Amino acid sequence: AIFGCSTLKQVCMTNCPTLIVTVGLPARGKTYISKKLTRYLNWIGVPTKEFNVGQYRRDCVKIYKSFEFFRPDNEEGLKIRKQCASAALNDVQQYLGEEGGQVAVFDATNTTRERRETIVRFAEQNGYKVFFVESVCEDPDVIAENIVQVKLGSPDYTDCNTDEAIEDFMKRIKCYENSYQTLDEDLDRELSFIKIIDVGRRYLVNRVLDHIQSRIVYYLMNIHITPRSIYLCRHGESDLNVKGRIGGDSGLSLRGKEFARYLAKFIQDQNIKDLKVWTSQMKRTIQTAEALSVPYEQWKALNEIDAGVCEEMMYEEIQENYPLEFALRDQDKYRYRYPKGESYEDLVQRLEPVIMELERQENVLVICHQAVMRCLLAYFLDKSADELPYLKCPLHTVLKLTPVAYGCKVESISLNVDAVNTHRDKPENVNIHRSSEDALQTVPPHL
Amino acid sequence: MNTYSFFNVTMASSPRELTQNPLKKIWVPCKNGLPDRHISQRRVCMTNCPTLIVTVGLPARGKTYISKKLTRYLNWIGVPTKEFNVGQYRRKCVKTYKSFEFFRPDNEEGLKIRRQCALAALGDVQRYLRDEGGQVAVFDATNTTRERRGTIMSFAQQNGYKVFFVESVCEDPDVIAENIVQVKLSSPDYIHCDTDKAVEDFMKRIKCYENSYEPLDEILDGGLSFIKIMDVGRRYLVNRVQDHIQSRIVYYLMNIHITPRSIYLCRHGESDLNVKGRIGGDSGLSVRGKEFAECLGKFIRDQSINELKVWTSQMKRTIQTAEALSVPYEQWKALNEIDAGVCEEMTYEEIQENYPLEFALRDQDKYRYRYPKGESYEDLVQRLEPVIMELERQENVLVICHQAVMRCLLAYFLDKPAEELPYLKCPLHTVLKLTPVAYGCKIEYISLNVEAVDTHRAKPEVGTFRVSSGMLNLSWCLQASHLW
């Protein structure tokens with residue numbers, strides 16, 4: 001028993017739950033920030049959920065008619081909106097109280113001091129820390145682009161044409177403007193908040209209370225919305241891959257070298273502006289990058305998962321020598337740590353600075369490894385810990401990720417060079433007493 | 001496994017072959033067996049052009065404290081940084097400080113000297129960033145007027161430096177008074193003054209700057225990159241962060257505080273492998289190690305520390321030690337001992353016998369040397385950076401860790417360079433109590449008087465390495481290792 005250890009996580013993120021509250025006029029990126037932040041926090045292991053009051057409103061008022069609903073003198077509208085906010089807060093309470101949530105993101109305009117005070121009281125009653133995230137922007141181009149990206153496709157405007165939708169939405173924004181009370185350094189000096197101005201040109205940060213708020217601020221200060229693409233791929237097929245052995249530090253097979261040449265051509269053809277190339281410090285990724293004839297940076301953090309005592313073994317050998325370990329791994333592949341090695345959970349921690357730097361960068365090609373690529377992909381595609389270790393990341397395939405609207409577009413590009421399959425699905429039988437046959441049921445073929 | 005084969009055949013029109021640097025175990029492209037044009041191996045290219053950090057603020061606002069701390073942090077994470085304190089230049093120029101009158105805005109002579117000192121400092125900045133391998137220079141002065149800042153910006157532009165301003169704004173009289181007590185009274189300027197006179201003079205000195213002070217403004221200075229720290233970190237205004245290093249600097253500055261506290265560092269109690277002279281592994285405590293853990297528990301209780309946090313690694317020996325304290329503790333994988341790879345659980349004699357080359361390479365550059373399939377001290381520092389960041393955020397903390405890990409943490413607090421770090425003395429059964437004071441750290445060594453083996457291996461005199469006939473090109477390899 002590990003007496004006294006509150007959590008095995010790298011740091012006890014927060015003693016009491018945190019309620020993040022967005023603030024800002026419509027089309028200022030609140031939902032974009034909410035979703036992205038939620039995705040990041042979940043990826044680093046902090047159970048987080050967002051509560052979008054607009055969603056509650058859509059569930060309540062089945063059909064959106066026009067901006068008139070949002071007029072400040074629309075009593076009926078105000079009543080419904082207030083109810084929706086309350087319903088959302090109730091769900092927040094449930095999530096943080098009963099469902100094991102640690103952070104809840106309350107995504108709404110929250111543009112008046114009065115509304116914010118209500119939320120602060122609610123948080124106080126429940127013992128939550130509150131952190132406000134305000135987005136302030138007056139750049140008409142940014143707002144217009146926002147409307148195009150996420151409003152036109154919203155359920156509210158499904159039956160409208162573009163011009164009508166934009167006109168209505170601009171009027172909707174106007175409904176909020178008169179009563180908007182932005183967070184103020186003096187009037188709101190007791191609150192904890194970050195004010196993001198002009199999409200990250202400037203930030204005002206007030207009273208950061210704890211570790212999680214400090215991490216949230218750091219993350220928010222590193223993200224941007226400049227269009228770009230992230231390319232993820234594994235090294236070319238390696239000699240150990242061919243033999244069905246995991247880990248190690250072998251060089252590329254002939255087909256792996258061929259892939260590297262094809263990758264070079266692919267990259268050239270894509271004509272990517274200012275592409276940065278990153279590799280791990282293992283021979284096979286570096287060999288792959290060398291074929292591109294462009295500068296690249298080596299990151300130790302991108303090294304493949306350390307399989308400890310199982311390094312360079314075939315799955316058959318692991319089953320023979322460590323049948324218990326093999327079974328435990330199948331039971332919880334995300335948390336399972338190889339003896340003297342690492343777990344996927346460890347990998348995520350190791351990769352966090354890579355993700356942070358990827359957020360800062362623009363066009364990047366990351367040449368890495370199977371487990372590493374799964375972790376990175378899970379971050380971009382918001383995959384849970386249970387799915388992560390089984391994401392398909394085949395050799396000789398490039399994934400092109402392009403942020404769009406609230407998520408990420410994925411294009412899978414196979415470079416048509418044959419390679420072994422290294423993907424091992426979860427077998428049916430994960431019992432520690434299972435037969436070798438059951439254990440090895442899903443091992444992909446190899447030499 | 002032969003990692004030293006340089007006999008690669010280069011294929012026609014194929015990518016460059018790779019060879020592994022024997023010291024750092026980094027794969028680099030090679031031509032004819034020699035390392036080819038060097039590609040950046042650093043984790044991330046911190047900055048393409050040098051960065052000039054410029055402090056801004058009235059006297060006694062913590063500019064020098066921030067400058068020194070930031071410099072220490074950047075150097076520790078591997079970014080060569082140096083601070084240039086204009087007040088120091090002034091003290092060298094004007095041997096004896098008389099009074100605040102020197103700083104009066106109408107003192108022509110004083111203004112002239114102060115300007116010259118600033119220029120002299122900038123000259124040294126230029127030399128540091130251009131000729132001495134520096135990457136970041138911290139220009140520590142009041143820089144309270146837009147005019148002065150404009151001069152610095154021009155200087156930076158001419159030299160191709162990025163500029164990042166760090167302003168400290170504070171009107172809390174208690175904070176300012178404490179600042180004066182901590183660092184001004186003992187300054188060379190006031191050595192011959194009594195406390196009251198010194199305080200009075202210093203307050204008048206501050207007044208000299210107040211009228212012409214033009215704080216960084218979000219609108220007027222909207223084009224500059226800066227962080228404005230208000231009321232010792234209560235609030236921050238951050239404008240136009242340009243790159244990775246500035247982002248790291250902002251994150252660091254937003255995590256530090258000046259609340260008095262102490263950090264206690266110690267190793268786990270003596271372990272069974274320690275007793276056998278074996279490195280690494282994951283063994284439990286010896287009998288004496290358990291005794292130490294008990295003594296540590298008593299020591300901690302006697303210290304009566306306010307809200308002490310206890311951190312351990314995820315290795316058995318640190319956790320066993322913490323268990324004896326009967327208080328909650330947190331396990332950090334990042335605090336695990338350095339991974340000795342293939343040498344895990346060996347004695348030094350066995351390493352010499354099985355890996356004599358590795359052993360020699362390690363002694364040549366213990367900081368950068370990476371064990372085969374293991375880590376280097378340099379790797380450790382990278383791994384420990386989040387620990388340091390959280391230590392900065394926290395107040396009273398006891399960190400129960402390991403020899404190499406403790407050396408890295410200690411080097412951060414005591415500003416020890418990479419060459420000294422791997423040889424810092426961190427004996428078993430000894431607690432180091434670090435208390436920030438003035439611009440540095442007070443350190444107390446507290447031995448808990450429980451006997452233990454000595455695990456410290458000093459740097460041996462590096463002799464010539466004998467090349468055995470079976471391994472070609474090794475002497476070349478050793479001599480040339482500095483090329484990598």
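Accessible areas come from the Shrake-Rupley method with a 1.4 Å probe, and for residues only the protein chains shown count as cover. This is a predicted model, in which local features need pLDDT of at least 70 and side-chain atom pairs count only at pLDDT 80 or more, while totals for chains, interfaces and linings use all residues. Residues are numbered from 1 along each chain as its sequence is written, and chains are lettered from A in the order in which they are written.

Select chain A to begin, which exposes about 19300 Å², with carbon and sulfur atoms supplying 49% of that area. Of its 447 residues, 57% count as buried, where buried means under 20% relative accessible area. Its C-alpha atoms fill a box of roughly 75 × 55 × 40 Å along the principal axes.

Next, select the open sheet of twelve strands, which runs in the order 2(A)-3(A)-1(A)-4(A)-5(A)-6(A)-9(B)-8(B)-7(B)-4(B)-6(B)-5(B) with mixed pairing; strands are DSSP runs of E with at least two residues, numbered from the N terminus, and two of them pair if DSSP finds at least two bridges between them. Its edge strands, strand 2 (48-52) of chain A and strand 5 (81-85) of chain B, each pair on one side only.

Within chain B, select strand 7 (residues 162-169) and strand 8 (residues 226-230), which pair in the parallel sense over five bridges. Here B:S168 stands opposite B:I229 in strand 8 of chain B.

Note on methods
Heavy atoms only, no water. Helix = DSSP H or I, 4+ residues; strand = E, 2+ residues; numbered from the N terminus. Buried < 20%, exposed > 50% of the residue type's maximum accessible area, 1.4 Å probe, protein only.
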